[in-house]
Amino acid sequence: MKKIVMLLTGCLSLVATTITSAAGAAPLYPNSVVSNDHEFIATSDESAFACLVFEGRRTAEMPDKRSDQLMAKKTFIFTAHYTDGTSVGLWAHPKFKTEAKALESVAPAAEAVGKLPTFMRRTLDHVVIHRGDETAFGEGEGHFFVLYSENIKTRIRNHDLEETVFHESVHATLDSKYAGSKTWLKAQKADGDYITKYAKRLPKKEDMAESALFAWTMIMHPGRLSADVEARAREIMPNRMAFFEELFLARPVFEETSRKPAC
Ligand SMILES: [Zn+2]
């Protein structure tokens with residue numbers, strides 16, 4: 001498809017062949033997480049997850065894209081503890097009815113959060129989990145993101161839950177600090193094009209989260225994506241790659257801590 005477009009717009013077939021694999025063919029996919037089969041984050045990747053503690057039930061803010069009702073009484077409150085001393089709240093809506101039912105969604109989310117680097121997990125405050133089937137969303141100022149139980153199941157089935165959690169965690173932990181920063185906007189402008197159509201459509205809102213997933217995998221697991229995809233991503237966003245190299249390589253993925261997980 002991309003090759004045909006290039007052939008139509010290129011003057012010489014030689015030129016067309018040369019630029020087929022270049023940034024001219026960007027964006028690579030409709031979106032980062034569900035429109036390709038890349039295993040950006042593998043089930044076998046190291047996780048800092050240590051344990052989950054049930055803290056009881058209380059009233060909590062449970063934003064839901066289907067409703068304006070913000071507060072939910074008797075929310076199931078869990079805390080996930082990690083080996084680097086970080087902890088993250090996991091709040092499951094009262095409609096889960098039982099702690100056991102809530103855990104079916106809470107546990108995989110807590111494990112996926114364990115694959116984030118320490119500096120992101122430290123900023124992530126909590127995860128809101130609803131029953132039902134809607135796509136996830138993240139909130140930059142409040143440092144949280146929202147998941148839905150049926151969508152969690154689908155994402156697990158398609159090996160996409162860790163990727164979803166990473167994408168939403170970028171919204172929850174990096175957007176407010178970096179997405180409007182001069183350094184990021186300069187890199188975005190210098191690169192010119194976007195890694196996915198979703199990022200291109202919503203550059204202020206989605207570009208950082210979309211780009212970060214590709215960058216994370218290429219920086220931490222070089223060779224995991226195909227050589228072709230890596231080369232094209234580097235052509236599309238060399239300046240953004242440099243931004244993420246600085247950010248992700250500034251410290252160890254899992255930082256040493258004197259605080260031991262409280263479990
Ligand atoms: Zn997003």
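Reader: Leaving aside its neighbours within four places in sequence, which residues is T75 in contact with?
Author: The model is predicted: local features need pLDDT of at least 70, side-chain atom pairs count only at pLDDT 80 or more, and totals for chains, interfaces and linings use all residues. Residues are numbered from 1 along each chain as its sequence is written, and side-chain values use heavy atoms, leaving out hydrogens and water. Contact means heavy atoms within 4.5 Å. On that rule T75 touches G56, R57, R58, A60, M62, W91, A92 and P94.

Reader: Is T75 buried or exposed?
Author: Buried means under 20% relative accessible area, exposed over 50%, partly exposed in between (1.4 Å probe, protein chains only). With a relative accessible area of 0%, T75 is buried.

Reader: Which residues coordinate the zinc ion?
Author: Donors are N, O and S atoms within 2.8 Å of the metal (3.2 Å for Na, K and Ca); water is not among the atoms, so sites may look incomplete. Along the chain the donors are spaced H-x3-H-x34-E. At 2.0 to 2.7 Å, with two OE entries for E206, the ligands are H167, H171 and E206.

Reader: How much area do domain 1 and domain 2 bury between them?
Author: An automatic or database assignment sets the bounds: domain 1 is 26–37 + 177–248 and domain 2 is 49–175. Buried area is the accessible area (1.4 Å probe) that two parts lose on being put together, summed over both. Carbon and sulfur atoms carry 70% of the total, which is about 1300 Å².
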